[in-house]
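Please read the briefing below alongside the sequence and the coordinates. It is arranged by topic.

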Amino acid sequence: MEQNKIAIKVKDLSKDFDISESGRGFSGKLKALFYRKRKIITAVDGIDFEIKRGEFVGYVGENGAGKSTTIKMLTGILVPTSGSAEVNGIVPFKERKKNAAKIGVVFGQRTQLWWDLPVRESFDLLRVIFRVSRTDFLSQIKKLDNALGLKPLMDMPVRKLSLGQRMRCDIAASLIHNPPVLFLDEPTIGLDVLAKESIRNFLAEINRDEGTTIILTTHDMNDIEQLCKRLIILEEGKIMYDGETELLKQKFVHEKVIEVEFYDDGNTIQGIPGVTVVREQGCKKWLTFDNDNYGIGEVIGTIASRYKIKDISVNEPSVESIIRNIYNNSAMLPTT
Amino acid sequence: MNPKLFIKFVSVSFQKQVTYRFDCFVGIVNGFLYVFIFTSLWKALYSQFDTTVHNGYTLTAIVTYAVLVMAVRISFTMDDSIIYRKVMDGSIAMELIRPTSFFFMNLAENVGHSLFHMMARTVPIVVISVLLFDIYIPLEVIRILLFLVSCIAGYILVSMMNFIAGLLSFWFIEIFPFLLFKYAFYTFFSGGIVPIDFFPEFLKPIVALLPFQYMLYFPTTILIGRASLADAQSIIVAQLIWIVIMGVICHLMWGAGKKKLIIQGG
């Protein structure tokens, strides 16, 4: 029974790419005719994780960190160099077709729809591919239409859709067979705020109502903050954080910023333990304090008792700024 | 492989071909030009000699062969760089996320392509040729049925050959030279230009060991009556054996190629 609760299991998974370099310029290219340097790039370097059924996991990292390569191994497109992986109890690169029947996949930069066919016909082809009965198909399409507003798009050829429309159709396409696990590789790339919002709402809904396990890679940290309870951060092929999105703050944020507006600008803030002034502008001051050793109530209390305050607010750092910091200073941070 | 799905994909690929109508018109002219050149060459050659039968072919027989082998070849038209392009632009990823066999999807795509060329090019070329040239086909129902079976087997072999050539793009960035090489082998050793009977003696044993003659030459000889009905049956058996051999090669190459695959463009 315990086994059934796990949707994805990855153990010591690695993928190397063998890249042969051809030289630069004419002489380099000429040399490359006879001799090529072989270079091995480790895109994914011994990662481990487990994802339970119904989880919504953000899988982030810089370009080239190995996110897409991981997704491609879990969907059976790429064969790993070493290690093991199971999705729904199936080894994807051994039983690609069996695995494919039980997962949904969206690659934001590509489409799985047929370029020249109307959306409706693409869906119908997928219905036959995934062996979905006509009644199940119709009720699923109805549900997807309600959430994603597909009706006006159904008779349009895919090549005429805008990016946002195409993405809605692609997400719908990945769910025609109602898969228990959904892989989304940058589904919101290049979309406007409204389109992003409608896609986010829909994803949250199927995760909540259908219990669909979702793995989402994205560069948009708003996606992560709004959707993913759990976050896996990848860097240079290795996992450098795996835990709750909320806890990321506790772990990596050691300073908080307080924005205070005073009634007059003559105040000099001094002698409050752990607090330093980082910026001043008229009556407004921005203070940081050591969040690990001092409580926020204590700090605000001290400031309020000493000065007359007009307004005060505590700024939570965004996940984006935390991750930006992690990317920038990864060498300095403790590894998890 | 689900037959319904196979037929659906054949029809999608067929419809895609319809978009390239101008291509098709050029293809008819081109195909007919070939037929005209080859039949003229044979007529000129045969007129140089006093004997009327060469390597077992009368002038009528060789003209019939030239027309029909071209008809079969045009019907077997497929896009041999299709796998290469899917690897180059990375769209192969989108096929691999479906619970379908890559080989059979590729076959279905080829069939749709070829069916279009058969209807749009082979039919007019054969009709014009029958009117213009002296052509003789023994009209026996069993013979025609055996020809069709042999054609299907030949077609599967051509599709497998292109599949194997296409899979090379899993290992090599550029496969055009391989495709040229394959094209030369296919057109010549399949009897696509000259029937195998006219080949020099030293080549015949080599050709006999290769699968190419089972693609165009043997099916054509069944239709024009050069092969007896008994021969036709053993030809089909030999074709089936080659399908098994090439099927194993496809399977092994696919297994090895998967590990080499790189998805371009993220």
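The points below cover chain A, then chain B. The model is predicted. Chain A holds eleven helices and 13 strands, and its domain assignment gives domain 1 (2-249) and domain 2 (254-316).

**Overall layout of chain A**

- The C-alpha trace of chain A spans about 75 × 60 × 50 Å along its principal axes.
- Of the 336 residues in chain A, 34% count as buried.
- The centres of domain 1 of chain A and domain 2 of chain A, taken over C-alpha atoms, are 44 Å apart.

**Helix packing in chain A**

- Helix 9 (residues 245-252) of chain A and helix 11 (residues 319-328) of chain A have axes that come within 10 Å and cross at roughly 55°.
- That angle makes helix 9 of chain A oblique to helix 11 of chain A, because an angle between 35 and 65 degrees is neither roughly parallel nor roughly perpendicular.
- The crossing in which helix 9 of chain A passes helix 11 of chain A is left-handed.

- G61(A) belongs to strand 3 (residues 56-61) of chain A.
- G61(A) counts as buried because 25 C-beta neighbours lie inside 10 Å.
- In sequence G61(A) and E235(A) are 174 residues apart, while their C-alpha atoms are 5.9 Å apart in space.
- L184(A) belongs to strand 6 (residues 181-185) of chain A.
- L184(A) has 25 C-beta neighbours inside 10 Å and therefore counts as buried.

**A loop residue with positive phi in chain A**

- N88(A) has a phi near 55°, which is positive in a residue other than glycine.
- The loop that holds N88(A) runs between strand 4 (82-87) and helix 3 (96-100) of chain A.
- N88(A) is buried, since 20 other C-beta atoms lie within 10 Å and the cut-off for a buried residue is 20 or more.

**Helix geometry in chain B**

- Helix 6 (residues 102-132) of chain B has 31 residues, so at 1.5 Å a residue it should span 45 Å; the 43 Å between its end C-alpha atoms agrees with this.
- Helix 6 of chain B also has a kink of about 35°, centred on M118(B).
- Helix 3 of chain B, with 17 residues, reaches 24 Å from its first C-alpha to its last, close to the 24 Å expected at 1.5 Å a residue.
- Helix 3 of chain B is largely enclosed by the rest of the structure, because 15 of its 17 residues are buried.

**Helix packing in chain B**

- The axes of helix 1 (residues 3-18) of chain B and helix 6 of chain B come within 7 Å, crossing at roughly 45°.
- Helix 1 of chain B and helix 6 of chain B are therefore oblique to each other.
- Their crossing, that of helix 1 of chain B and helix 6 of chain B, is right-handed.

**Individual residues in chain B**

- Y46(B) sits in helix 2 (residues 21-47) of chain B.
- Y46(B) counts as partly exposed because it has 18 C-beta neighbours inside 10 Å.
- Y46(B) and I82(B) are separated by 36 residues in sequence, and their C-alpha atoms are 41 Å apart in space.
- N55(B) lies in the loop between helix 2 and helix 3 (59-75) of chain B.
- The phi of N55(B) is positive, about 50°, although N55(B) is not a glycine.
- N55(B) is exposed, because 12 other C-beta atoms lie within 10 Å and a residue with 12 or fewer is exposed.
- L210(B) is found in the loop between helix 9 (204-208) and helix 10 (217-224) of chain B.
- L210(B) has 13 C-beta neighbours inside 10 Å and so counts as partly exposed.
- L210(B) and L168(B) are 42 residues apart in sequence, with a C-alpha to C-alpha distance of 20 Å.

Key: Residues are numbered from 1 along each chain as its sequence is written. Chains are lettered from A and ligands numbered from 1 in the order in which they are written. This is a predicted model: local features need pLDDT of at least 70, side-chain atom pairs count only at pLDDT 80 or more; totals for chains, interfaces and linings use all residues. Domain bounds come from an automatic or database domain assignment. Helices (H or I, at least four residues) and strands (E, at least two) are DSSP runs, numbered from the N terminus. The expected span of a helix is 1.5 Å times one less than its number of residues. The bend at a residue is the angle between axes fitted to the seven residues ending there and the seven starting there. Axes are lines fitted to C-alpha atoms, for helices over the stretch in contact, and angles run from 0 to 180 degrees between N-to-C directions. Angles under 35 degrees count as roughly parallel, over 145 as roughly antiparallel, 65 to 115 as roughly perpendicular and the rest as oblique. A crossing is left-handed if the near helix is turned anticlockwise from the far one by less than a right angle, and right-handed if clockwise.
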